[in-house]
Each structure stands twice: as C-alpha cells, then as structure tokens.
Amino acid sequence: MFNQAMSPEWKKGSAELLLLSLIESVPRHGYEIGKLIEQRSQGALRFHAASLYPLLYRLEKRGWVQGKWVEKAGQRRRRYYNLTAQGRKVLAAQRKGWESFVLAISRVTGAENA
Amino acid sequence: MPEWKELVRRQLAELRLTPEREAEIAEELAQHAEDRYKELKLSGVSDAEALRLALNEVLDQKAMASGLRDVERTDVPEPVVLGAGAQGHFLSGVGQDLRYGIRTLRKNAGFSAIAILALAIGIGANTAIFSVVNGVLLQPLAYPDSARLVNIYETGADFSHSSVAYPNYLDWRRESHSFSDMGAYRNDDFNLTGSGHPERVSGEYVTASLFPVLGVTLPLGRAFRPEEDRPGTGCTVMLSYNFWQGRFGAERTILGKTLTLNAMNCVVIGVLPASLSATAQAYLPIEQWTGAGLRTRESHPGLRVVGRLRLGMSIQAARGEMEAIAKGLAQQYPATNASNSAAVVPMKDDMVGNVRPVLLLLVGAAGFVLIIACANVANLLLARSAARKREFAIRAALGAERWRVVRQLLTESVLLSLGGAAVGLPLAQWGTTLLVAAAPATLPRSGEVGIDVYVLLFTLAVSLVTGILFGLAPAMHSAKTNPQESLKEGTRGAGGGRHRTEGIFVALETCLAVILLAGSALMIQSVWRLLQVNPGFTVSHILTMQVALSPKAMASPVGIRTALQQLVQRVEMLPGVQAAALTSLLPLGDSDSEIDFWLGNGPQPGPERIKTVVFYVVSPDYPAVMQIPLLRGRVLTERDNLSSTPVALIDDVMARQIFPGVDPIGRQISLIALGTVQIVGVVGHVKQWGLGSDDTNKIRSQVYFPLLQIPDKFMSSGVTALTLALRSKGEPLSFVPSVRAAVAGPADDQPVYAVQAMKDVISGSLAGRRFMMFVLIVFASVALLLAAVGIYGVMSYAVTRRTNELGVRSALGASPWQIVGLVLRQGMGLAGAGLIVGLAASVMLTRFMGSLLYGVGAGDPLTLVAVTVVLGVVAMLACVLPAKRASAVDPVVALRCE
C-alpha cells in the first residue's frame, strides 16, 4: 500500500511508467521490481504483490513487456520481464507526458510558492 | 517451509484460469512469497511472523483476485472446473462433464483399458444371451398377427399333448366357431425320382387351409386350393424357398413343372416364403397321403393342428369350446375317444415354452458375470478415487455441489460402460454365433437369433444402468470427501469406508462366482453321470441311417418285404459289418411310437383295460445289432413271418409291470389293429426316452414286433421311415460309403439319409445339457478370473497402504511368515465370507436347474466341497503375490517414508 504522503490516485497514474522504466535497460523479475520501487522511492512508494503482478500481466497482455522464465544455477527459475519494442515507444511517450505534466504542475505550484 | 505453490494455487482456483496459466502464475507468486519470507527472516523477524507477513502480502486474497480477474478474465475459456456455472438447467454442463470425463479417462489409459475390458466381457456375455432370448422368446413369430395362432392337441390318459387323429381334426374344424380357420400338417419324407440320382426330400402333408391360416404370402405361385386337397385329385406340390433356390436354381419357370414324389407326378404350383421357419422342402396336400392311418380315429399319425383365433376371441373361450366338442366326440366314438379331450396352446408358448427356463437360467448366469465385472470396476474406481481425493476436495472447496461431483463421476463411469459396450458388441456378435452353433438342434427359432435393433437397445440400456451401478458407490464416496482433510499433505485418512466397500465388493464377486461354479459343477456332474447310464444296449460301433425303398419295390407288399430282406442281406454281406437290422424306432432319438394293447385274445375291452406301450417293428437281428440282452425265451427269427403265429418280444419292465410274478413267455396280448400275438421272449429294457428322463416317463413298457409279420395293408405305410442299424468292426462312420451303395441296390434308386453313429445319437440326446454345461463353464471361468483379479487388486492395494504398519511389525520382530499370514488372513477372510454366502445362495438358486440336473441335487455335498476347494485355491493364489510383497517390506525403507 501507499505511504500516507502519497495518495493512491497518484500511484495509479504513475505505476505503469514506474514498471516500464525499471526494466528499460535490464530484465527484472517481479520481486526485484517491487523491491527497487520501494528502495529508490526511499519507501515512499510500495507495491504489494496483489497489485504488482496483475499490472505486469496487463502490460504483458498489451504487448509492452514480455515475461520469460530464466533458470540460474542454484536458484529456482524466475520470470524475468523485459521491454518490447512497443513497450519502449510507450515508455518514451509516457515519460514525455509525465515530464510535461510534472513541469506544468511545478509551474503552477512553484509560481505561487516562489 | 510452507508449500507456497499449493497455497497460492488455492487462492487462484476461484479464477478458473486455464491449468497452464494457473500453474505459471502460482509459480511466480510462490517465488515472490518465498523471497519475501526469506528477506523478512534475514531482517530478524521471527519465523512465524515472517510467514504471516509474506502470506498476507501475496495472498491478500481479495486484492489479488480482483486484480487478476480484471487482467485474466477476458481470455478465460469456458470453465472446466466442475461445480461452477451449474445454475439453471439441470442438464447444463453435461457436455462439459463429457469432455472432462473423456479427457480424464484418456489420461489414465491403462486403468480405462482394464475397466473397459472387464465391462466388455460382462456386457458382451449379456448381449449374446439376450440376442438369443430376444430371437427365441421375445420376438413374435414370423406370421402376421401371430398372437392369434394356436396349436391344438388331443389329450389322453397318457399324453397331455398328443398328435391328432385326422377324422377328429375334420370334426373340430367343422364344429368350432372360435377360430377363423384351422389347418393341419404332418411331417414325412418323399422320394424324389425321375431327375437323375434318387433323392430323399423332407416334406410335409398339409391341409389346403394351413397356409391361409398361417397367413403366409407366397413369393411365387399360389397355395393349394380346397379342391386339390381331396382324395383322387391330381397331385400338386409346393416348394420351400430354400429348396427352390438350391435345387431348382430359383427358376420361376418351375411353376407348372412336374416332380415325381413317392412315384406320384405332382405339379409345382407355388413357392413358400423364406421366412417360414420349417425344415420341410416339399409340401403335398394331406389327402395325397395314402397311409392307412389317415382315416381312423385310432391312429394319431403325427398330425399337428394349427388354429387362428377369431378376432377378439380369448384363448380360454376357445379352450372351453374345444373341450366341449371333444366331449361330444368322446360320447359319439367311445372306443377311440372316450378318454380324450383337446388342448389349445398359444403357438409361440408351445414352440419356446420348453426352453424358457433354460434361457432364463442363462440370463441369470450372464447377469452374475456382469455384476462381477461391475464390482471389479467399482473397486478400480474406488482405488483411483484415492488418487483423485485432492481434485474433488478442491472442487468442493470451490463450492461445487455434491450432486454435481457425483454427476461428473457418474458421467465418467457411464463413459467407461459405453466403451465396454462398444468393445462388448463384437464380442457379443461372436458369442451369439458361437451360442447358436453350440445350441442343441432342439433350440427352436435359432435361425431368428441375431443382433437387431432390440438387442442394440438392450446393450445400450444395460451399459447405462451398469455405468450408474458401478459408478455410484465410488462417486458417493468421493463426494463425501472433506476438503480440509484431503488438502493436508500426507493425510492417509478418509479411507475407512472405502476399504469396507472394497471388501464388500470382493465378497460379492466371490459369492457370485461361487454360485456360477456350483451351477457348472452340477452340470458337469449331471452330464458325467448321464454318460455312465447304461442305455440298455451297446452304443459303440453302431451305425444308423434312414432308408427308403425304390418306388418299384413299394408297388406291392410282397415287393416291399423282398426289397427290405434283400437290403439287409446286402448290407450284412459287406466286409466288416457284423450284423444289420431294420427298426421303425431308434432309442434316444426325436421320434416316438406307441401302440395300445390289452391282455389275452378277446375283443377290445373298455378304455380302462387298455394300456399303451412303446412299439418297435424290427427285423430279426435287431436285438443282436444293438446287443440288447435276451433275458428269457427266444429272439425273433426269419421264420417269424406271415405264415407263422404272430409273436412279439417284450422288455423286462413290461414283464414286471404287466406280468408280476408270472412267466410272460407263451402269454398272449392283443395289439390294436394288428391282432393277437404270443410273447416268445423277454429282453432288457432300453432307455427309449432319454438317458435321464426314461425312468420317469409314463410309458416305459416296450414291445418288439417282427417286421415280416406286418399285415399287407400296413406294409406301405409301415416302412416309410425305417432305420437301418448295423454293428461294424471299426469306426462306424467309415462304413457309410459302402453301406450307402449296398442300400441303393443294383438299380441305384434307394437313398439313405439321416446317417448317424449311435454314439452321436447319444451325445445328441445330451445336447441340451452339454450346451448348458458349456455356457456355465465359460461363465464360471470368467467369473472366477474376475473374482481372482478383484481379490488380487484389493490385497495389493491393502499391502501398499499398510507398508508402514508392516515395516513396524517386522522391525518389532515379526517373521516374514507372520507377515504373509497376516495378509493371507485378510484376503482369505474376504473370500471366505463370499464363499459362505455363495454356497448358501447356490444351494437355493441351483434348484432352478431342476430338470437339467441328473443324479445330483442342488445341495450336493461333493459339489460344494469341490467349489470350496477350487475357490480357495484361486483366492489363495490371488493373495500370494501381495503377501510375498508384504513379507519383503524392508522396515528401514518403510519407516523412512514417514
């Protein structure tokens, strides 16, 4: 669940972007994705399995990510997700959209504060 | 560490994902939960707390389910998990059940194959027997509106169903009103000459009314006209369909052609339909028969009367009327008809009534085989239901209703039984052919036996009922499963009831197998005892055949006598033939012949002083050929002819019954129509009526009359069906060609037919019992085999289940022998229970075999002991393998499993 500081609505809007960006350069498995979100947001953002995996599956179904079972020595096999070509385009578009959105917001809110 | 995957899977079940997808997601989430759990532990959280947290996170049921449902649902196929979506119509989801059932059975090919094979044997046996029952007992006779057809017999003091005197038939037909019409016929054989080799054809003399009464439609020509059935008119003949096809190449131009039958020129006027189930080849109007027996009320020359009841007329009313008519005739003709009445019997009952009990017995036996097969398959299903415990538990946990689970399981078992039927049908086809081939010639309507639509419907019905029958117990058991219990790893519970049911099934199988074994053992004993019966003559090395004289010889009584004497002489001169003789009647055959007589040489007394005896007309050497022992007096000789005093031999039964304490030699008796004869010898009794039934027949006394003393007026009719019997030095059948040539004579115009070795006549007389014995042995063997498989299956499963216990026992010092004893005791206990119930039941049930048994009773101790031994040995063998395996259990291995 979300920390008190962040409202669920925000997270919903940003969740896809978070996931896609985390696997942009390197394939990761679900647990790792969840962990990274938590670490990099310094605990501000946390995804539970119950929302993380349905989201992953949805993205996979849309053809943006692709899951693959990978076995590593001494470990059980895990499912790693990487970006598809389509996912890359979506990520770029979303990132752009997010940036202009954040910019617009900060302009509005920052102007008052400044 | 918990079994993550299983826990996750349970949460997913409600989503009804495809199994592959479910497995994939479960694995991924399980991995996640495990990672989380490990991490929590590393951070110092207690084991229990880590477990709780990890589980909570991953298995936050509502959130996970709703999250996944949104994603996954769009492409979820029609749910295959039982118990869901069954609202609405009661039959909804049957297709689903079927698909799932087929898949399940296919996945367990070995199990399915064994079950289907067992069922195929059971269903096949029942179908085969039913096809016989259907053809013989159930189907109406092949005549239109055949339910109205009746046979009418004369009844007398000694006979409940005697053939009819022709004048009586004429009076019946004229005076009765219950029938739309009556017809009559008698079997006879005709000499067909004039077109090449002389031929003996089987035939019938019929009244012109017979075929209209039966309602047959002719494929060619017409039936006899009433005016053609009068004395002195030109001879006409009708042919059977097969005879027309086989002998005359189905030529339609046969109509109007002339055949020479018994030296009469007869014009062919019609061909009978193939459906007419008669063995005759040619039919002549009865008034063409010149036999003296036709005109007298004394004579009952094998005439059979058929009537067609008027529409709406009850058989009781017809009976009442016929009895009244017979009473009137008795008053009018007291000398011949005083003690006679008439009996009216539905034609079909008359035809098949005798075989009904036997066939019903076979139905019962086949039913037992099917029940045994069912019990076996039910046990297989029970054992398998243990393996499927989890499946049912998950379904129940998902909210599947109990009846829905039961329905799925019943669908599977019905699928199995339909598979059994599919495999069983070819088996049945083969079995039916075998049954008809093995059936005694006396089985009526055997030509009508076959697999038709009724048989197919029967098979379908049987397999459906069977499927439900053997599926019900396992299904109820499975449905009762407690999901919480079953989902726990390694539970061994919830099996108590099942093992009890298995035990009951095995005991039931054993019990039924015992009944079949007892039945077949009784049949074997009966047949064996019958074969030990002394028939009163020496069976081996006797050849018998019917002979017919040439038309030329038949022209005068003197010619007949000379021809017969020469015929016997020619045969006796053949090398290897020790003796030859002619007789009017052969023991143990299908035919019979009786004559009325009274003591002394006075005029015919009242009916109360007239007695009936079995009557043989024989040439002098007949007792020598048959080796019937002479007990007193002398045998017949060539000098007992028309110019000497009429004489006769009697058998010792007659000597004891008619002349108790007196020497019968020299006494006189008067034979009706033949006159007074002097008894010159007493010979041994011959079992005329059958090896088993002769002792209980009403008429047992026997009289032998010399052929050469038959008066001229009876000579031509008396020799229509003479049998030649000869004693040979080697295998009797090897003499057939030479004897055939000797009988045919210099002009090659005297045919022989119905050639049989006497030993085959005897075995033919046992054909019915042999048949029953054969079928019962087959059924009992199958039953025994299935029961053994059942015992084996249950015992091996029990040993597997008790591996731990046996390991503990042997660790505590039980010797291998003690372990073996333990298993044997359990197995033999089950078999023993079945045996005891089966023995009791067999004593009660084999009573229904009554008339088939000879010399043994239903509760015959020897049989019961034999059955016990056989079953005990088989049960023991079935237990030995599991017991050996049990004794080989290594305690270390067994306990390590814990």
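Me: Within chain A, what percentage of the contacts with a separation of 6 or more comes from residues 24 or more positions apart?
Reply: This is a predicted model, and everything that follows is to be read as such. Chain A has four helices and three strands, which run α-β-α-α-β-β-α from the N terminus. Among the contacts in chain A with a separation of 6 or more, the percentage from residues 24 or more positions apart is 49%.

Me: Which element of chain A gives the largest share of the side that touches chain B?
Reply: In the interface, 14 residues of chain A are in contact with 15 residues of chain B. On the chain A side, the elements that give two or more residues are helix 2 (30-40), helix 3 (49-62) and strand 3 (78-83) of chain A. The largest share, eight residues, comes from helix 3 of chain A.

Me: Why do the buried residues of helix 10 of chain B line one face of the helix?
Reply: Helix 10 (residues 315-332) of chain B has 18 residues and reaches 25 Å from its first C-alpha to its last, close to the 26 Å expected at 1.5 Å a residue. In this helix A318(B), M322(B), I325(B), A326(B) and L329(B) are buried. Seen down the axis of helix 10 of chain B, these buried residues line one face because they fall within an arc of 100°.

Me: Which residues are exposed on the other side of helix 10 of chain B?
Reply: The buried residues of helix 10 of chain B pack against several elements of chain B, including helix 7 (166-175), strand 2 (179-193) and strand 10 (341-346). On the other side of helix 10 of chain B, the exposed residues are Q316(B) and Q331(B).

Me: In which sense, parallel or antiparallel, do strand 16 and strand 18 of chain B pair?
Reply: Strand 18 (residues 675-683) of chain B pairs with strand 15 (residues 630-633) of chain B in the antiparallel sense over three bridges, and four bridges join strand 18 to strand 17 (residues 668-671) of chain B, also antiparallel. With strand 16 (residues 647-651) of chain B, where A648(B) has I679(B) as its bridge partner, strand 18 of chain B pairs over five bridges, and the sense is parallel.

Me: Which residue in the turn between strand 17 and strand 18 of chain B has a positive phi?
Reply: Strand 17 and strand 18 of chain B form a hairpin with three residues between them, and Q668(B) stands opposite Q678(B) in strand 18 of chain B. The residue in the turn with a positive phi, of about 75°, is A673(B).

Key:
Residues are numbered from 1 along each chain as its sequence is written. Chains are lettered from A and ligands numbered from 1 in the order in which they are written. This is a predicted model: local features need pLDDT of at least 70, side-chain atom pairs count only at pLDDT 80 or more; totals for chains, interfaces and linings use all residues. Two residues are in contact if their C-beta atoms, placed from the backbone, lie within 7 Å. The expected span of a helix is 1.5 Å times one less than its number of residues. A residue is buried if 20 or more other C-beta atoms lie within 10 Å of its own, exposed if 12 or fewer, and partly exposed in between; C-beta atoms are placed from the backbone. The arc is that of the directions from the helix axis to the C-beta atoms. Two strands pair if DSSP finds at least two bridges between them.
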